[in-house]
Amino acid sequence: MKLEEKVGSYLDDIKKLPGVENVVLTQRDGNPIHSSGVWLSKDEIFNVCSAASAIYNVGIKLHPKNLKYILIEGKKAKILIVPLNNPVHESLNRYLEQSEANIHEFFISITAQPQVNLGSIFLQTNNCLSSIKTTLLNSGQTFKPPLIEYDEIKLQEILNRFKIKDDEEESYNFSSILFNISEELSWELNKILKNFSTLVLDLNYAFLSIEGGFILSKILKNLKLPDRIIDNISAMSYSLFHVANRCAWLLKKMNAENILLECNNTFHFINKINEGVFSSEIRKGRQKLGLIRLYLPQFLKKISTVLSSVEHDQKHESFDVNKFLDNMTIK
């Protein structure tokens, strides 16, 4: 059996799970390798894979050694991105590291119906993921992207492995917002984060950021990090959310609402709030994931209420950073 047929059979096994709509195997640089499931247009194949690749690369940049999966949730679907260097396969990873193979090279994207428990799907697909990883990395094939090589034959080979639908013209817009934060409103945001820190026992950090990852308010609890590191995490979290938004739109014509990056020892939540994002990292321990998921919406609603009260006028006012900093106090 050819390599593509072997990989395709493993993807078909995942696709057979109840609620799964589409499964795509992609290389880290965004090169599409194989899929099973719903039809995609020619443009969508490369757009979806490049967007998923950007999400995956930011995810492993944030959590390079212990990322288990990235879960993107919206009203119409859930999207699961699973690296093949999954920490669940520790013995296989050690073998691949000794053989100098690149275990960060490939990942799987799974699109499923919104009511599906993708955590359960993740557990059910472990054997398939392990088999795909072993097959790919022992094959010796490099899967060089045809868009870099400008090879029309290889480009067509990739398209032949996908179910292609007719192109449709679609447009979407993500609005931006300019804030004028008063000292009073800044104090209110800090108070909400302080209450969040008190309730979530194993919180490492939490922050609210807007436009490009600029931090409005933050709190550090069990993890002490330099400001530059927190700024980098904020920028990457903001970037990851907006690329996930694009990926969700390309796949299901929906907006992303919540993102969960589960690692060996922590949960990293990235949630949409108005035109910004709320990012929080929580250690696994005294509080279960389900309980944390019950807490989060309460605080997100409070923060959203505060932000909604901010007066802004995008049409007539430009963003003055100096004025912004004068009006805001961040502790």
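**A strand and its surroundings**

Let us begin with strand β4, residues 78-83: six of its six residues are buried, so this strand is largely enclosed by the rest of the structure. Please bear in mind throughout that the model is predicted.

Which residues cover the two faces of β4? On one side there are K78, L80 and V82, and on the other I79, I81 and P83, all of them buried. In general terms, the side chains of a regular strand alternate between the two faces of the sheet.

Now to the partners of this strand. β4 pairs with strand β3, residues 67-73, in the antiparallel sense, over four bridges. Within that pairing, I72 stands opposite I79 of β4. The two strands β3 and β4 form a hairpin, with four residues between them. Strand β5, residues 106-112, is also joined to β4, here by six bridges, and the two run antiparallel. In this second pairing, V82 stands opposite I108 of β5.

**The sheet as a whole**

What is the order of the strands in the sheet? The sheet is open and has ten strands, in the order β2-β1-β5-β4-β3-β8-β9-β10-β6-β7, with antiparallel pairing. Its edge strands are β2, residues 32-37, and β7, residues 214-220, each of which pairs on one side only. On average, neighbouring strands of this sheet are turned by 15° against each other, with direction ignored.

**Two packed helices**

I turn next to the helices. The axes of α8, residues 183-199, and α10, residues 289-308, come within 10 Å and cross at roughly 175°. The two helices are therefore roughly antiparallel to each other. From α8, the contact involves L185, E188, L189, I192, L193, N195, F196 and L199. These meet Y295, L296, F299, K302, I303, V306 and L307 in α10. By type, the residues of this contact divide into twelve nonpolar, one polar and two charged.

Finally, consider α9, which has 26 residues. At 1.5 Å a residue, α9 should span 38 Å, and its end C-alpha atoms are 37 Å apart, which agrees.

K253 lies in the loop between α9 and β8 and is partly exposed, with a relative accessible area of 25%. K253 and A77 are 176 residues apart in sequence, yet their C-alpha atoms are 9.8 Å apart in space.

Thank you for your attention.

Notes
Residues are numbered from 1 along each chain as its sequence is written. This is a predicted model: local features need pLDDT of at least 70, side-chain atom pairs count only at pLDDT 80 or more; totals for chains, interfaces and linings use all residues. Side-chain values use heavy atoms; hydrogens and water are left out. Buried means under 20% relative accessible area, exposed over 50%, partly exposed in between (1.4 Å probe, protein chains only). Two strands pair if DSSP finds at least two bridges between them. Axes are lines fitted to C-alpha atoms, for helices over the stretch in contact, and angles run from 0 to 180 degrees between N-to-C directions. Angles under 35 degrees count as roughly parallel, over 145 as roughly antiparallel, 65 to 115 as roughly perpendicular and the rest as oblique. Contact means heavy atoms within 4.5 Å. Ala, Val, Leu, Ile, Met, Phe, Trp, Tyr, Cys and Pro count as nonpolar, Asp, Glu, Lys and Arg as charged, and the others, Gly among them, as polar. The expected span of a helix is 1.5 Å times one less than its number of residues.
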